[in-house]
Every structure is written in structure tokens, then in C-alpha cells.
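Look over the sequence and the model before reading on.

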Amino acid sequence: MLNDKLTNYFLPASMRYNKAHARYDEFHVLISSFILGPPIMGAFGIFLLSQGKSLLSYFIFAWSFTSLVILFSIKYFSHYRIPMGMLAIFSYGMTYTFISDTGMIYSPSMTFVHMYLLAGIWTDKKWGWMFTFSNLALIVYIYYQSIALGLDSRYSATLGSPVYVLGLHMLFTIASGTLLGYEQYVQESNRRKIKDMQDQQIHVLDETVKKRTEQLNTIRQAMAADFHDYTGNMLSAITRQASMLKVQLQGNLDVLPVVESIIQNSNDLYASSKDFLWNLNHDSDDAAELFEYLTGYGQAFYNQFDISFSSGKSVDQHQLHQLDPFAALNLIFIFKEAMTNVVKHSAASEVELSMNCRPGRIVYALIDNGRWKQESSTTQHYGLENIRKRSLKNNFEFALSTYDFRTRIEVAVPYVGTGDNNSYMYE
Amino acid sequence: MNSRITIIEDNEKIREGFAAVVESSGRYDVVSQYSNCEDAISHLPEDSPDVVLMDIGLPGMSGLEGTTRIKKRLPGCIIIIITVMEDSEKVFQSLCAGAGGYIVKNSNVEEIVRSIDEALAGGAPMSLQIAKMVVQSFNRSNDSPLSARETEVLQGIAQGKSYTKIATELFVSKDTVRSHIKNIYQKLAVNSKSEALKIAGNKKWINKQW
């Protein structure tokens, strides 16, 4: 957990928490390695300093310091090659000091040289194999130093000739460098292939989604055009013919209500089809767009009467979240009902539609300066009952309040992502 | 003397329905009915209408082009668009072409007669969406031809206010508001050329093919 936090801290800003970044793996491995390095090596340095091994401990402190430089260089410059070169020099200085203290080419500490190769290839997947050559150069240098110090004459009888030891170390370096380098190359190559395949699949999926969306839009537009060309005109024709009939049948009280009912039904179907088409053709899950649609409806509706209508939203665009697509149509039905009720029952002269936000919900409200008919057990208020039922069914919070000679109907709608908005239904 | 009305609508039932409604008012005479613009334009001199009720989606010449041609030949004639969707882009384009207002096809008898009355006497209705397109259209031109009052009325409509609200705020009558709307329509037609149509093209009011 702490290691993750530290690793993310030292990652360049563009890669932080962005595993899809092309160089994320490379930097992640480097950082997680160098985070552990300084404290571990620092402990070695302190111990060796206390034992009088000053040169070695200085190399170790320099190494630890350079590790920190690498971490900050990665963080601020996304670069590590130059400090990494410095680190390699200190590492070799450290290793050589160890080896020179313990028998040169015959020293058991020669293992550090091979370990360094392993660590180099593991840490730097791209160029780590080059440590094979620097290691070979160091081994040859140690060999000549061993000869110069006359160690061959002392140890060759028990540990073998220096050429034999040199050969073994060189062969081991070449073998492990080649094998590990090749392994890294194969792994990188496979990783690239998998990534290419993933990219290709994502591209195919993107294209499919795009195509489907275009098809859906075409279907939507075709439906809307069909409504316009056929259904809309047909409903208009029914209304027109029924209106003619109504004019001709003036005075016939038996038939007139039926004709009026036909006109009413046709008008209702026409109006609800219009709402349905808007829902289909617009970003009906956009809270602000829905608010504008409701405002437009209210404006046209109240223009028929001597009622002042206005709207206002006290919410910034960035505060608005997506609504469930089914929520819009239900809200339209609710507020149409509420707006009609204002005219029918409240005797209001002023009406205001408003929108604001509260955590997890967008609140739409209709406020008027009239008084709504009180609900009672004997006289049920069907408009309010409908609004209440629809709100309950769709997980909206509904509230009716009266204050300062005003009536306020409020519907709070959960937005997508709040987890409690999955029960929208048409009636 | 009654105003003379011509109806251009390809749907026979709607056309006859409109004719019956208009005639029933007793204030208007339907002098002719056509199913296409071409026939209507060829009979324009003898019909000499005061008002034309025009469908947008007509076979052959569109209602939009028909509006332009009729206004060219009879500038005093008021053209009222009859449409299924009042917020469509085509309605805005028709207003730019010189139409003096619009009526929703499903409107009831009273609404139709009132809309014709209003178009002749004052401004025809204007919806919020249409008002927004009109605002943008005037914003594009450096010198807006609208007076300060007309601009206030237009902004009020674009903000979703009802005529009563606008009238109250401006201390004028509703009829004065309507009169301003009529002027706005007239200035829109004069002011808007291809620029206004470009704005409509960028919007997504209902369907682009309408």
C-alpha cells in the first residue's frame, strides 16, 4: 500500500494511475526498485563505516543518493538515463572495492558482478543487456589486477589458474547476459503483441459501437419523420374532421360530447407523441435540456392565459449530472399535469419553474402564487394523486408545500451513478 | 370586407378541415385551396390572398421556396406556416424566408382563428426554441436592426417568459408585446439571408430533413 503510494508519487504526472500509458510498466519497475534501494543500502553503508571501510561506505552512500536523484529525475523530467549511468559507475566502484578486499578474481564477491548483471537486465528491460559488456570489461580488469598483485602464484594451486577463473566468469557473464537479455526481448515482444491485439479489439469494438449508434440515430430520425409524414398528419386530419363535425353538429347534444371526446383524445395523443419524439431525438438525459423543454412547454401553455410564467435555474453546468433516459418522459408528464392543475385549481397569476441541485439529486420545482385544492379522503385530487404515484413508481422524491401564499411542487430526481435510480417505468 | 385566404396543403383532409374552420369564423373567405405551390403561384394574381396557410413539406416546390416566391410577388401577403412540430428548423427557415408566423396542425378551431387574427393584427406566436434561433441570427449581424424594446421582448421569450410576464416587466400590454413580435418577424426576414440559415443548420431542433 505504502509502496504503491510512493511509486505513484514518483511517477511522472502523465502516468500517475494511468496503467494504459505506453511507458507505465518501465517506470513502475524502476521506481519500485529504487524506492527500496536507498534504505537497504544505507544500512550497509552505516555498518561498513563503523567497521572502518570508508571507501566502500562512501560508494554505497553515493549509490543511495543517486537512487534518490533517479527517482526525482523520473518524477519531474521523465528521464533516468544520465543518473542511471552515474549509478552504474558507483555500483562498479562498490563492487570492485568489495572484490579487491577479498581476493580479486578469486574472491567469492565476484558473485556481485553477476548479480549486478541480473539486476541491470531486470530493472532496465530495454538496455540492461549492455551491462554484459561492462561486466566483461570489469572482469578482465580484475584479472589483470590479480596478476599484477601476484595472486595467481598464491591461489592457482588450490583454486585453479587465473585464466581458468577468468574464463568461467566470462562464459557465465556471456551466457546469463544472452539468456536473460533474450528472455526480456521475447517478453517485451509478446507484451507488444498482446497490446496490439487489445488495441485492435478495442478499435473493432469502437467501430461497432459507432456503427450501432449511427443506425440507432437513423432509426430515431426515421421514426420522427414517419410521425411527421404519416401519424402527425393523420392525427391532424382526425382533429380537423372532428372539428368540422363539431361545427355541423352544433345543437345536437347527444353526439357533441362524443365528437369533443374524439378531438380531446386526438389532441392528447398528438401531444404525448410530441413528448415521446422529443425524448427520442434529443439528449433527454441532459438535465438542463429537459429543463429547457419544460420551460418551452410552460411558456406556450401559459401564453394561452393571463398568467406570468418564467423559469430560473440556480445551478452551474458542471454540477449537472446525467439523468436516466426514462426519467425525462416521466418528469414531462408530471410537470404538464402540475402546470395544468395550476390553471384549473390554484387561481394563480404567477408561476415559476426552477431547477437546482442537491447531493445525488436534481430538483425541479413549480412554484405559484395560488392555493391548490386540498386533498381529502372524500374528494380525491386526481392530478396530485397521479403526480404522487408517478413519482413513487420512478423513485423520485415528491413534495408539496405551501408558504407565504405560495404553493410549491418539488420533484427530486436521482442522477445516474447514485445507485438508486434503476426503477424508471412508463405508465 | 373579409380577408382572403389561400390554403396550400397536400393532405386533402387537413386542407379541407382548415378551410372549414377558417370559413366557420365568418371573418375570412377561403378563396382557393391547392395541394402544391406551383398551382398556387400560377393562380396568385386572381386569388390575390391576404393570408396564405402554407404546409412546409409539399411535393415539388417546398413550402420554404414557395414562401420566398409568394413574398416576392405579393409582399403584403402574410404567410402562416402550418406544421406538425412548431420548433422545427424548417419553421425558422420559413420565418427567415418571410413567413409571418406558424400554426400547429393539430391546433383547435379557436387557436387557428386566433393565430390568423394575431398574424394580421399583431405578432404571431413565437416559441422559446424559435426565439433562441432568432436571437442568434441577430447576434451574428454587427448592426442589429431591432429596437431596444424589441430586443427585450425577444430576450424575454428566449428566456422562457410568457407574454404576460414580459408585458408586466416592461410595463406594456400583451398586445404591445405581440406587436413587437410582428416587427421582429419582419426584421428577421429582411435581415436574414444565408447567415441565418447557417445558424439553423448548426442546431438540432427536431429533424434536419424537415
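This is a predicted model: local features need pLDDT of at least 70, side-chain atom pairs count only at pLDDT 80 or more; totals for chains, interfaces and linings use all residues.

Residues are numbered from 1 along each chain as its sequence is written, with chains lettered from A and ligands numbered from 1 in the order in which they are written.

**Helix pair.** Helices α10 (residues 287-302) and α11 (residues 325-346) of chain A pack at about 25°, with axes 11 Å apart. That makes α10(A) roughly parallel to α11(A) (angles under 35 degrees count as such). Their crossing is right-handed. Among the residues that meet are A:Leu290 and A:Tyr293 in α10(A), and A:Ala328 and A:Leu331 in α11(A).

**Cores.** A nonpolar core joins buried Ala, Val, Leu, Ile, Met, Phe, Trp, Tyr and Cys residues through C-beta atoms within 7 Å; buried means 20 or more other C-beta atoms within 10 Å of a residue's own.

| Core | Residues | Members include |
|---|---|---|
| Largest | 67 residues | B:Leu53, B:Ile80, B:Val134 |
| Second, separate | 37 residues | A:Ala224, A:Leu290, A:Ile307, A:Ala348 |

In the largest core, B:Leu53, B:Ile80 and B:Val134 touch the most other members. Helix α7 (residues 128-140) of chain B gives the most to this core, with seven residues.

**Between chains.** 29 residues of chain B are in contact with 32 residues of chain A (contact means C-beta atoms, placed from the backbone, within 7 Å). α1(B) gives the most to the side of chain B that touches chain A, with seven residues.

Conventions: Axes are lines fitted to C-alpha atoms, for helices over the stretch in contact, and angles run from 0 to 180 degrees between N-to-C directions. Helices (H or I, at least four residues) and strands (E, at least two) are DSSP runs, numbered from the N terminus. Angles under 35 degrees count as roughly parallel, over 145 as roughly antiparallel, 65 to 115 as roughly perpendicular and the rest as oblique. A crossing is left-handed if the near helix is turned anticlockwise from the far one by less than a right angle, and right-handed if clockwise. Two residues are in contact if their C-beta atoms, placed from the backbone, lie within 7 Å. A residue is buried if 20 or more other C-beta atoms lie within 10 Å of its own, exposed if 12 or fewer, and partly exposed in between; C-beta atoms are placed from the backbone.
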